[in-house]
Amino acid sequence: MDYVRFGKTGLEVSRLCLGCMTYGVPERGSHAWTLDEEKSRPLIRKALELGINFLDTANVYSDGTSEEIVGRAIRDFARRDEIVLATKVHGRMRPGPNGAGLSRKAILSEIDASLRRLGTDYVDLYQIHRWDYETPIEETLEALDDVVRAGKARYIGASSMYAWQLAQALYTSRLNGFAEFVSMQNHLNLLYREEEREMLPFCADEGLAVIPWSPLARGRLTRAWDDRTERAETDEFGKTLYVESDRQIVDAVAAIASARGVPRAQVALAWLLQKDEVTAPIVGASKPQHLDDAVAALSLDLDEAEIAALEAPYQPHRVAGFR
């Protein structure tokens, strides 16, 4: 496993991050395709054994049960200080007022709830899952600063927003002496490259770590375009992300994978890993081979002609994933 600095911080993370939305009680939340604890634990253990020290979850995943499963697995399979543990806040955790969002009340309540579920007294990275248009960014950042100063989070990060919003947040933090976002978790893969226009150059200029979610486009890059899976059929959010013209990119991945004699997932991940701005793609794993493919992608060097062939069919997309 390769390890890299997390943006301009001194933190070291594995070149791959294990995305833990896959793990949770299926009856809790909106993801019927999640794996229960019995099925999740061997995959988390395998990831740790492969050298992945970076795990990402969120309070909203399967109504908090993802955090519970991940926390118990870390306790049983690893030493806490050797793990970089990330979670997120914003999504609705209960009905009624103050049950979601990034108000001071919500953040200070939800960090404590996440720590209880994770079974730890701190997270390494606490991220805002989405932008909260109803709460002043000053309020959100001051609350996050208090979370850091209280020792409940080592760093704070952002996810899925416009580049101007990230710029406003960094400016506000500097103006007030608050802890600053050190990372951006955004939607980036061969089928969705709109982040290349502004977000990636901005993160590079500011020295922010980039940890893309859905690097395999919810599995679309790993199979034929017309193939269907249980997740694809039930993932309503995923149905909003990709368009028919993306079929040509999927075909290009298949052609290069066939020529190389490797699974498609390795080609798609290798393309993302060759981007200088990318720190660690967030890889989901519901089968052991998903982890094997992700690790193998670290050693797959695509040449310029292959990269050009993968990128050539791309057509501009509307903003998707957070608006």
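**View 1. The side chain of Thr9 and its surroundings in the predicted model.** In this predicted model, the side chain of Thr9 comes to 3.1 Å from the backbone nitrogen of Leu11, and the side chain of Thr9 also reaches the backbone oxygen of Phe6, at 2.8 Å. Thr9 itself is placed in the loop between strand 1 (3–5) and strand 2 (12–14). When residues up to four places away in sequence are left out of account, Thr9 touches Tyr155 and Val182. Is Thr9 buried or exposed? With a relative accessibility of 13%, which lies under the 20% limit, Thr9 counts as buried.

View 2. Although Ser214 is not a glycine, its phi is positive, at about 55 degrees. Arg218, likewise a residue other than glycine, has a positive phi near 55 degrees. Ser214 counts as buried, because its relative accessibility is 11%, and Arg218, with a relative accessible area of 17%, is buried too.

View 3. Helix 11 covers residues 304–311, and within it Glu306, Ile307 and Leu310 are buried. Seen down the axis of helix 11, these buried residues fall within an arc of 100 degrees, and therefore they line one face of the helix. What do the buried residues of helix 11 pack against? They pack against helix 8 (247–260) and helix 9 (264–273). At the start of helix 11, a side-chain oxygen of Asp303 reaches to within 3.1 Å of the backbone nitrogen of Ala305.

**View 4. The packing of helix 8 with helix 11.** Two packed helices are described by the angle between their axes and the distance between the axes. For helix 8 and helix 11, the angle is about 155 degrees and the axes are 8 Å apart. This angle makes helix 8 roughly antiparallel to helix 11, since angles over 145 degrees are counted in that way. On the side of helix 8, the residues that meet helix 11 are Ile249, Ala252, Val253, Ile256 and Arg260, and their partners in helix 11 are Glu306, Ala309 and Leu310.

**View 5. The crossing of helix 2 and helix 3.** The axes of helix 2 (residues 65–77) and helix 3 (residues 104–118) come within 7 Å and cross at roughly 45 degrees, which means that helix 2 is oblique to helix 3. Which residues make the contact? Helix 2 contributes Glu67, Glu68 and Gly71, while helix 3 contributes Ser114, Arg117 and Leu118. The residues of the contact of helix 2 with helix 3 can be sorted into 1 nonpolar, 2 polar and 3 charged.

Technical notes:
Residues numbered from 1 in each chain as written. Predicted model: local features only at pLDDT ≥ 70, side-chain atom pairs only at ≥ 80, totals over all residues. Heavy atoms only, no water. Buried < 20%, exposed > 50% of the residue type's maximum accessible area, 1.4 Å probe, protein only. Helix = DSSP H or I, 4+ residues; strand = E, 2+ residues; numbered from the N terminus. Arc of directions from axis to C-beta. Contact = heavy atoms within 4.5 Å. Polar contact = N/O pair within 3.5 Å; in protein donor to acceptor, adjacent residues only side chain to side chain. Axes fitted to C-alpha atoms, helices over the stretch in contact; angles between N-to-C directions. Parallel < 35°, antiparallel > 145°, perpendicular 65-115°, else oblique. Nonpolar A, V, L, I, M, F, W, Y, C, P; charged D, E, K, R; others polar.
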